[in-house]
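Please examine the sequence and the structure shown below. The report that follows describes selected local features and the packing of side chains.

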Amino acid sequence: MPSTVDYKKRYEEQLEITEQLTFQIQELTHQLAQLKKMIFGSKHERFVPANNPHQLALDLDTDTPGERVTTDVKNISYVRTRTEVVPNAKPHPGRTALPAHLRRETILLEPETDTSKLKKIGQEVTEVLDLIPGEFYVKQYIRPKYVVPLSDTNSTVITASLPGRILEKSMFGEGVVAQVLIDKYCDHLPLHRQLQRFKRAGVDMAQSTIVSLVTRALGELGSLYEAHKRIVLSSGYLHADETTIKVIDEQKKGTTHQGYYWLYHNSEAKLVLFDYRTGRDRAGPEDILKDFQGYLQTDGYVAYDSFEKRKDIRVLNCMAHARRKFVDALQNDPARAEAALLRFQKLYEVEQVIREKKLAGKDALELRQKKSVPALHEFKQWLTDEYQKVLPASVIGKAIAYCLPRWDKLSLYTTDARLQIDNNPVENAVRPVAIGRKNYLFAGSHDAASRAAMIYSLLATCRTHNINPFDWLKDVFERMHLYTTTNIHELLPQNWKKREKLPV
């Protein structure tokens, strides 16, 4: 009997299976590369193009060149000879000078020879930076008592009052309280390690004591945090992001709850706000931003989608997140990924010029309109064309699919000079929390996580304003009892920097 096998059909089926397996291999290879990068590799996203580095580069300082005309051509012959090249080495600037404000301990070293009859012609000065470990000391308030006679039979006793303190009846001074908080929330040193350091210095403190001290101190910052929150949310432009925090929950035995810090960053005034929520749903941002009006920049997470329906909020997305997708696709489709990254590079070169020349307002907006807007239009067309040539489920396909629906929100930054190209300011504020998570692992409760959000907000704002957080926090604890809700905002980091001498 003649064979009835349809070899063409089988061949086509085999081709389809091969294509599926090839795609699966590419997908698994990409996942393996990402896992290796997470475990062993660097997480930077630097991109150095393999081809001409000046391709798509901006020419912002020169006019557009016309057609080149060759006026003369000469054949040049030369003989290469070996010569010794002596580089023009720059003179070494020497050691960095030690800070002038540090106390100097002078040690005079005289020669062993008798110098009493010799003439001094100068001196050699050598400075060495040294350290004495932090010192605990005791403030001892002595208040004499005096008898004041009121009559022949009556009298009263008077004595001076103790100075006002934020933590009344506490045996720990404001310097100790401030240092404990800075060590934990700024330098990420867990409390049990602080106790070990205290013990080496001769101060033995119970775990419950230091935990109670932190709880009380953070509780006193509540009114300052509320004033800070009102100011941040009253701005017209916010960056938003979120990060995880593990929290001990009494209802979850043997495991921790996955909580979230939602961050809001006012890049114009350099203010950072942390808001703790038990989940990552839209309820958190919708609650805290219910009265917000203006621009809201996000990474495109779906929890922010509801704000697009509000007429008083304009949502824009983060170009760095879009670029990151193509960095991940470099191994999957290097040709297209590199072409896209070169286009991102062109957009960021405009922003670099704005920073270097300190352009603002009309000047910055004009440069974006002249250079960035045409580049964005060209980029979008390239993405549209290339998307039809790639597999939608591939890494490069997902990267393009992420950008195209968000392109208007990715390009919105070119319409207002205040806006930034990406969400990097708020992402920079997240990084210290990530370091802290590795050290203290979890928050003791949901209330503890909320209190931590308060101190994180204030310390992050100190960092953006280049303020020494210990100096600020110690001063706040010493003076906070003198302020009310009407003027408590004067103690906020951005205002404290302007008024170093606060009223007593």
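Asparagine 466 is exposed, with a relative accessible area of 70%; exposed means over 50%, buried under 20%, and partly exposed in between, with a 1.4 Å probe and protein chains only. Asparagine 466 lies in the loop between α13 (446–464) and α14 (469–479), and its phi is near 55 degrees, a positive value in a residue other than glycine. Most residues other than glycine have a negative phi.

Histidine 188 also has a positive phi, of about 60 degrees. This residue lies in the loop between α2 (174–185) and α3 (191–200), but histidine 188 counts as buried because its relative accessibility is 7%. Helices (H or I, at least four residues) and strands (E, at least two) are DSSP runs, numbered from the N terminus.

## Basis of the model

This is a predicted model, in which local features need pLDDT of at least 70 and side-chain atom pairs count only at pLDDT 80 or more, while totals for chains, interfaces and linings use all residues. Residues are numbered from 1 along each chain as its sequence is written, and side-chain values use heavy atoms, leaving out hydrogens and water.

## A parallel strand pair

Strand β6 (residues 294–298) pairs with β7 in the parallel sense over five bridges; pairing requires at least two DSSP bridges between the strands. Glycine 294 has isoleucine 313 of β7 as its bridge partner. In β7 (residues 313–317), four of the five residues are buried.
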